[in-house]
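Okay, thanks for making time, everyone. I'd like to walk you through a few spots in one model, so let me put it up on the screen.

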Amino acid sequence: MYHTSRHPLTDATPIDRLLDRLLSDSGQSGLLGPLGAHRMGHGDDDHEHAGDAEADILAQFAEQADDLHERVVHDHGIFVAEFLGATGSGKTRLIERLIERAPDDEEIGVIVGDVAGEDDATRFRELGVSVANVNTGKECHLDPSLVEGALEDLDLDALDTLYIENVGNMVCPADFPLGAQARVLVVSATEGDDVVRKHPLLFQACDGAVINKVDIAEAVNADLDLMESDVSEIAPEMPTFRTSAEHGDGLDDLVDFLDERGHVHASDHEAYVAGTGHTHAHEHTHADGQTHEHDHSHEDGHDHAHTHD
């Protein structure tokens, strides 16, 4: 187990970085073709071409996310969960609680996205997990290329679980999936009980929602039932969990949800690793008596065994 940090990769925005790459490659691949020629134009079709270019760029990010998923989840058998939400929603504390509940032999890594600083990364290091800190500078979210760079600081052959804490933002991350098996959006009672309906797109881009800091909802006059009802209206199939991460309350259902996201994917994973010569062994025994077992061993002799309390 080791500790690492990562500093700003670039001042360019992800859109500009990808555009530069695509434009530089367009002569060979023809990926952008005429779109590149119209990027700086002033013709009547500028808006149409700009929309097409944006769609192409977002499609490229989606492909990058798929590649990340294949590499981390399938090639290395790591369960990946991304946590999104505004600054102060409690993402860091929630991940800390999940780490504290994990068995001692579970190898956990965390990619921490922050505009600046090492504060959250330091908190995770103090829990003894592997950390890659990504300071995004002018960027308001992580993107697959930033995550790809952060992975260079982690030993993927050793990890069982990877948590990604995205930059505190409730808008931009919606269009930038990171290849995780579970995207969990964290909001808190202190953000106001209208926070859900003000950010519908991000809720629709995630798999689960956490309403955190429920212990102080009454003090800040937040209607938790209204918040949960708004989630159901915006994303009808999305499970919602009420937690007080500070006090460690309400985490059991969230943990079960994360296990289910991994276990659902595990069937495809087993088929994939069987074809590549890799097999994996995980054993999960929960306090409620529910037990999950998966064979999990690598050709390099790396084995895993987990017991979840």
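This is a predicted model: local features need pLDDT of at least 70, side-chain atom pairs count only at pLDDT 80 or more; totals for chains, interfaces and linings use all residues.

Helix H4 is the biggest giver to the lining of the second largest pocket, with 3 residues. Residues are numbered from 1 along each chain as its sequence is written, and side-chain values use heavy atoms, with hydrogens and water left out.

Back to that pocket. Its volume is about 200 Å³. It has 15 lining residues, and the closest to the centre are Thr-87, Gly-88, Thr-92, Asp-120 and Glu-165. What do I mean by a pocket? On a 1 Å grid over the protein atoms alone, it's an open set of points with protein on both sides within 12 Å along at least five of seven lines; a cavity is a set where a 1.4 Å probe fits but cannot get out, and lining residues have an atom within 4 Å of a point. Points are joined across faces, edges and corners, and the volume is the space filled by probe spheres set on them.

Two helices, H4 (91–101) and H5 (119–125), each put at least two residues into this lining. By class, the lining splits into 7 charged, 7 polar and 1 nonpolar. For that count, Asp, Glu, Lys and Arg are charged, Ala, Val, Leu, Ile, Met, Phe, Trp, Tyr, Cys and Pro are nonpolar, and the others, Gly among them, are polar.

Now, H4 itself. It is largely enclosed by the rest of the structure, because 8 of its 11 residues are buried. Buried means under 20% relative accessible area, exposed is over 50%, and partly exposed is in between, with a 1.4 Å probe and protein chains only. The buried ones in H4 include Lys-91, Thr-92, Glu-96 and Arg-97.

Beyond its neighbours within four places in sequence, Arg-93 is in contact (heavy atoms within 4.5 Å) with Arg-123, Ala-245 and Glu-246. Its side chain makes a polar contact with the side chain of Glu-246 at 3.2 Å, and another joins it to the side chain of Glu-96 at 2.8 Å. A polar contact is a pair of N or O atoms within 3.5 Å; within protein, one must be able to donate a hydrogen and the other to accept it, and residues adjacent in sequence count only if both atoms are side-chain atoms.

Next, the aromatics. How many aromatic pairs are there? The count is 3, where rings of Phe, Tyr and Trp (its six-membered ring) pair if their centres lie within 6.5 Å, with planes under 30 degrees apart called stacked, over 60 edge-to-face and the rest tilted. One is Phe-61 with Phe-176: ring centres 4.9 Å apart and planes at 70°, so the pair is edge-to-face. Phe-61 sits in helix H3 (residues 46–75) and Phe-176 in the loop between strand S4 (161–165) and strand S5 (182–188), 115 residues apart. Phe-61 is buried at 1% relative accessibility, and Phe-176 is buried at 7%. Phe-83 and Tyr-163 are also edge-to-face, at 6.0 Å centre to centre and 65° between the planes.

As for H6 (residues 144–151), 6 of its 8 residues are buried, among them Val-147 and Leu-151.

Zooming out, the protein has 9 helices and 9 strands, and 49% of its 309 residues are buried. That's my tour.

Terms used
Helices (H or I, at least four residues) and strands (E, at least two) are DSSP runs, numbered from the N terminus.
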